[in-house]
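Have the model open beside you as you read.

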Amino acid sequence: MPAIYPRVEFQNSALVAIMRLGEYADAVPVRDEIARCTCRDVSRGSIYITLDRLETKGYLKSWLADPTPERGGRAKRYYALRPRAVDALKESRRALVALWRGLEGALGQP
């Protein structure tokens, strides 16, 4: 049975991946970081839609780099977290830790 992966959790994963990658995170490394850390295959479309949605909500800022010959003259879009995103991630982590506190025994952990 596959694990539940709702939109909010995926958006949080994208934000955390950008945090891990630093200021020069573009969509492909974000996708790869999510896949590496969660062992989940992430489609290109879902990551682009999510990054666009997060930028629209004010959690990300993005900019285009200079076009390069390696990319056929196309520019790469980079993403960075806005302070609002960092605050939201802190609150999300705090809430999840509080919810899980005391349930170690239910998970078969000491």
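The largest nonpolar core here has 19 residues, and Leu15, Ile18, Ile34, Ile47 and Leu60 have the most contacts inside it. Such a core is a set of buried Ala, Val, Leu, Ile, Met, Phe, Trp, Tyr and Cys residues joined through side-chain atoms within 4.5 Å. Two or more residues come from each of α1 (7-21), α2 (27-38), α3 (44-56), β3 (77-81) and α4 (83-100), and α1 gives the most, with five. Helices (H or I, at least four residues) and strands (E, at least two) are DSSP runs, numbered from the N terminus.

A word on the model: it is predicted, so local features need pLDDT of at least 70 and side-chain atom pairs count only at pLDDT 80 or more, while totals for chains, interfaces and linings use all residues. Residues are numbered from 1 along each chain as its sequence is written, and side-chain values use heavy atoms, with hydrogens and water left out.

Now look at Ile47. Beyond its neighbours within four places in sequence, Ile47 is in contact (heavy atoms within 4.5 Å) with Phe10, Ala14, Ala27, Val30, Arg31, Ile34 and Val42.

Finally, find Cys39, in the loop between α2 and α3. Most residues other than glycine have a negative phi. Phi of Cys39, however, is near 60°, a positive value. Cys39 counts as exposed because its relative accessibility is 72%; buried means under 20% relative accessible area, exposed over 50%, and partly exposed in between (1.4 Å probe, protein chains only).
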